[in-house]
Amino acid sequence: MLKSRFDNFIAFIQNKNIKILTHDLVDIDALASCLTLKYFLTQYFKEQEISIYFSEFAKPTINYLRNITEKFPSFDFSYSKKFNASTSDVVLIVDTNNLNQIELNSNLDLVNLGIPLIFIDHHYLGEKPKNNTLEISHLIFENYSSTAEIILKFFEFYNIPLTIPLKILIITAIITDSGFFKHGNNNTIQNVSNLIGEDIDIQDIFLLLKKNETDISEKIAKIKGMQRVKLIREGDFLIGITKVSSYGASIATKLINLGFDIAIVLSKEENQYRVNTRAKKVVCIKTGLHLGKILEEISIKYKGSGGGHDGAASLTISIESDTITTQIIEKIKNYL
Ligand SMILES: [Mn+2]
């Protein structure tokens with residue numbers, strides 16, 4: 001039964017120009033699914049034109065794509081950043097069945113293009129893709145923990161051999177989409193086990209997913225920022241203040257992660273001083289605290305530039321004085 005669904009799909013897209021699309025903020029499953037699907041179709045059809053369009057990548061995908069491209073420089077990772085509807089006979093939508101999640105870099109409306117849209121996806125379907133009559137061709141299987149495993153079926157059904165980069169792409173997609181198997185089922189683990197064989201080391205895959213090492217100067221700045229932090233307690237609220245030479249914004253965020261409700265980080269940049277502030281959202285909601293307003297007021301008074309959101313704001317100013325810090329703290333305390 002399953003195989004016949006794939007046969008229908010193949011029959012429908014035969015002799016057509018194919019565009020592969022996925023959701024915006026492309027995750028690793030979407031990336032891997034599009035690349036492996038393109039590879040399969042190129043091998044299977046030989047003569048047809050097949051291309052991928054990506055909008056924006058999620059941060060971990062950028063990192064992963066960089067790592068895997070370095071590891072397999074001869075694999076075809078190419079894609080287009082512009083969606084050209086006029087050269088498409090059919091659009092394959094991968095890893096989503098919700099057209100609202102697709103970001104085209106134009107005002108094109110996929111539904112009104114008159115091009116058949118076929119979904120290949122593993123998300124909950126609901127009532128969504130009723131906008132065309134191709135239901136028979138959709139490949140939507142909610143019992144799969146990743147779209148990449150649906151793509152894997154093409155290779156199995158039509159006897160196209162998997163290469164090492166393809167296997168690695170699919171394994172990483174399965175691992176990330178199943179939350180390292182937390183949301184997976186027996187098939188999820190079975191699939192990885194079948195793919196991994198003797199030619200792939202699971203540790204190499206973990207390395208591909210690892211975030212690139214933070215620059216040593218950033219690490220030192222963060223550690224120094226933590227060493228110098230002063231704690232001010234105002235009722236039940238904890239304010240942290242520290243000084244660093246750079247990376248003020250990321251240190252302010254770190255202080256919040258550490259447990260402070262509000263963080264103030266002072267840093268000296270060339271001829272000016274910078275103040276980065278952060279506050280927990282719940283504190284802003286509860287007290288009405290608005291760091292952007294506070295820093296804007298200070299910037300007007302001292303001819304600097306400042307502002308931002310309620311929970312994240314910064315100030316750049318040419319003088320450094322403890323009175324400025326004191327005023328920021330006083331203004332914050334007024335809300336608490
Ligand atoms: Mn997915």
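This is a predicted model: local features need pLDDT of at least 70, side-chain atom pairs count only at pLDDT 80 or more; totals for chains, interfaces and linings use all residues.
Residues are numbered from 1 along each chain as its sequence is written, and side-chain values use heavy atoms, with hydrogens and water left out. Helices (H or I, at least four residues) and strands (E, at least two) are DSSP runs, numbered from the N terminus.

**Helix H2**
- The 18 residues of H2 (residues 28-45) should span 26 Å at 1.5 Å a residue, and the 25 Å between its end C-alpha atoms agrees with this; the expected span is 1.5 Å times one less than the number of residues.
- Of the 18 residues in H2, 14 are buried (under 20% relative accessible area, with a 1.4 Å probe and protein chains only).
- Asp 27 caps the N-terminal end of H2, with a side-chain oxygen 3.4 Å from the backbone nitrogen of Asp 29.

**The sheet**
- Six strands make up an open sheet of mixed pairing, ordered S6-S7-S8-S9-S11-S10; two strands pair if DSSP finds at least two bridges between them.
- Strands S6 (230-234) and S10 (305-308) are at the edges with a single partner strand each, so one side of each has no neighbour in the sheet.
- S6 pairs with strand S7 (residues 237-244) in the antiparallel sense over five bridges.
- Ile 232 stands opposite Ile 239 in S7.

Notes
Buried means under 20% relative accessible area, exposed over 50%, partly exposed in between (1.4 Å probe, protein chains only). A polar contact is a pair of N or O atoms within 3.5 Å; within protein, one must be able to donate a hydrogen and the other to accept it, and residues adjacent in sequence count only if both atoms are side-chain atoms.
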